[in-house]
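Visitor: Could you walk me through this one? I'd like to start with the packing and then go on to a sheet.

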Amino acid sequence: MKMNDVTKQHRNLIAGEWVEGAEINENRNPANTDEIVGRYARASRDDAKRAIAAARAAFPAWSKSGPQQRHDLLKRVSDTIAARVDELGELLAREEGKTFAEAKGEVMRASQVFGFFAGETLRQTGDAIDSVRPGVEVMVQREALGVIGLITPWNFPIAIPAWKIAPALAYGNCVVLKPADLTPGCAWALAEILHEAGVPEGVFNLVMGRGSEVGAEILDNPEIDAVSFTGSVETGRMVAEKCVAQMKKVQLEMGGKNPLVVLDDADLDTAVDCALNGAFFSTGQRCTASSRLIVTEAIHDRFVEALTEKLRALKVGDPMDGAVHIGPVVDENQLEQNKRYVTIGQEEGATLVCGGEVIEGPTPGHFMTPALFTNTTNEMRINREEIFGPVATVIKVVDYDEALRVANDTDFGLSAGICTTSLGHAAHFRRNAEAGMVMVNLPTAGVDYHTPFGGRKGSSYGPREQGQYAREFYTTVKTSYIKA
């Protein structure tokens with residue numbers, strides 16, 4: 001596997017040139033904090049301005065380029081990512097902490113996303129409509145929006161940039177990407193692939209750095225036409241306020257406090273597997289994680305016993321070890337936050353059935369055993385606030401009606417799941433769960449790349465991401481009236 005040269009400064013890509021930064025960010029392995037994954041240039045605010053100006057200059061030609069050119073570029077990127085899956089998977093595991101298997105799965109998702117949007121360049125359609133006035137024809141078509149600022153999080157460091165970059169380029173926009181300062185490695189590798197694939201100068205720009213510098217310029221610069229952001233609720237609200245004040249189009253994906261309902265008639269093995277995967281894999285660091293397990297009375301004790309047994313069998317450690325199920329938490333700050341919530345849960349009166357312990361690995365890292373609370377109520381902070389770690393709670397309810405009420409009693413609405421063998425309950429839940437995505441006998445985390453992604457309430461704002469629905473954000477509609 002190709003490894004990063006840790007002595008190399010990985011520079012920003014601005015106007016087709018690799019540009020050094022004002023300072024260097026040492027990207028460290030959360031499973032071994034003594035190991036430097038790579039050294040990445042932090043862009044200044046002036047660097048971000050130059051990147052935005054380059055994108056604006058490139059937009060007229062790129063937006064008018066033919067679909068074949070855009071298709072061929074995105075297809076080359078897709079093929080290259082797939083060919084480098086082991087190398088990129090190792091980089092992802094080392095900088096973010098996912099297990100190698102999960103990391104490779106995320107890399108392949110990025111390849112699939114670029115492949116899908118390569119096809120979308122050739123599937124763009126419009127409408128021809130008869131006017132109510134004789135002799136007049138009406139044409140409705142979509143056009144590129146302009147320069148798009150993309151701000152991406154650390155938990156999916158290649159998949160989320162991919163599912164923002166690919167549609168932006170497919171529909172003829174130019175891009176300025178600011179990845180999370182905590183995990184710049186995968187974004188840089190993606191930028192390198194785009195550059196080597198022949199993306200025209202200024203069409204795609206990478207500006208790594210701090211939100212206070214690079215992010216602020218993306219939000220404030222009038223040459224940015226739209227911003228797509230994935231991150232925390234608090235930051236998302238600030239992004240929305242800034243964009244709306246300037247009439248920028250905005251798309252937000254934020255937090256989740258996702259319920260998994262387990263009914264008495266559920267298949268126990270299916271329910272336990274859904275909870276285990278949804279709540280704890282990827283170290284619980286997914287906005288779609290099943291953080292609230294809402295379980296009816298008759299199955300509650302058997303479910304808790306079976307889930308606890310499986311949790312205790314999970315191995316926490318080096319994500320490159322094939323026997324490991326759960327890697328490290330991404331950094332010290334996230335580990336401290338997880339520990340605080342374990343303490344809060346106990347202080348609120350919940351029972352810590354297992355886990356929640358900081359453990360030592362073979363190397364210095366941020367390792368925590370997956371935690372499960374029982375005897376919780378939906379009013380507790382551990383059931384109201386997003387923890388974003390390997391911590392889940394069990395809420396006991398009487399029946400389906402109470403389970404649905406509790407599931408919907410949240411400020412979030414990203415994903416919701418139910419485990420049941422009743423078609424009636426499954427259908428009712430699918431229609432009445434207040435979430436953007438509903439899973440039946442499946443984990444709440446895990447989506448397809450060709451379907452819309454997003455939620456409601458405090459989880460999402462603006463048009464959906466992914467699939468054909470992505471064009472709602474990345475294009476604008478033009479209606480033309482023609483009199484022969």
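Visitor: What does Ile165 touch?
Guide: Leaving out residues up to four places away in sequence, Ile165 is in contact (heavy atoms within 4.5 Å) with Phe114, Leu150, Leu177, Leu190, Leu194 and Phe204. This is a predicted model, in which local features need pLDDT of at least 70 and side-chain atom pairs count only at pLDDT 80 or more, while totals for chains, interfaces and linings use all residues. Residues are numbered from 1 along each chain as its sequence is written, and side-chain values use heavy atoms, with hydrogens and water left out.

Visitor: And how many residues has the largest nonpolar core?
Guide: That core has 82 residues, and Ile165 is one of those with the most contacts inside it, together with Ile81, Phe114, Phe117, Phe204 and Leu206. A nonpolar core here is a set of buried Ala, Val, Leu, Ile, Met, Phe, Trp, Tyr and Cys residues joined through side-chain atoms within 4.5 Å, where buried means under 20% relative accessible area with a 1.4 Å probe, protein chains only. Another core, of 27 residues, lies apart from it and includes Ala266, Val272, Leu314 and Ile326.

Visitor: Switching to the sheet, what's the strand order?
Guide: The open sheet has seven strands, in the order E15-E18-E19-E14-E13-E21-E22, with mixed pairing; strands are DSSP runs (E, at least two residues), numbered from the N terminus, and two of them pair if DSSP finds at least two bridges between them.

Visitor: Which strands stand at the edges?
Guide: Strands E15 (351-354) and E22 (437-440) each have a single partner strand, so one side of each is left without a neighbour in the sheet.

Visitor: How do E15 and E18 pair?
Guide: They pair in the antiparallel sense over three bridges, and Cys354 stands opposite Leu372 in E18.

Key:
Helices (H or I, at least four residues) and strands (E, at least two) are DSSP runs, numbered from the N terminus. Buried means under 20% relative accessible area, exposed over 50%, partly exposed in between (1.4 Å probe, protein chains only).
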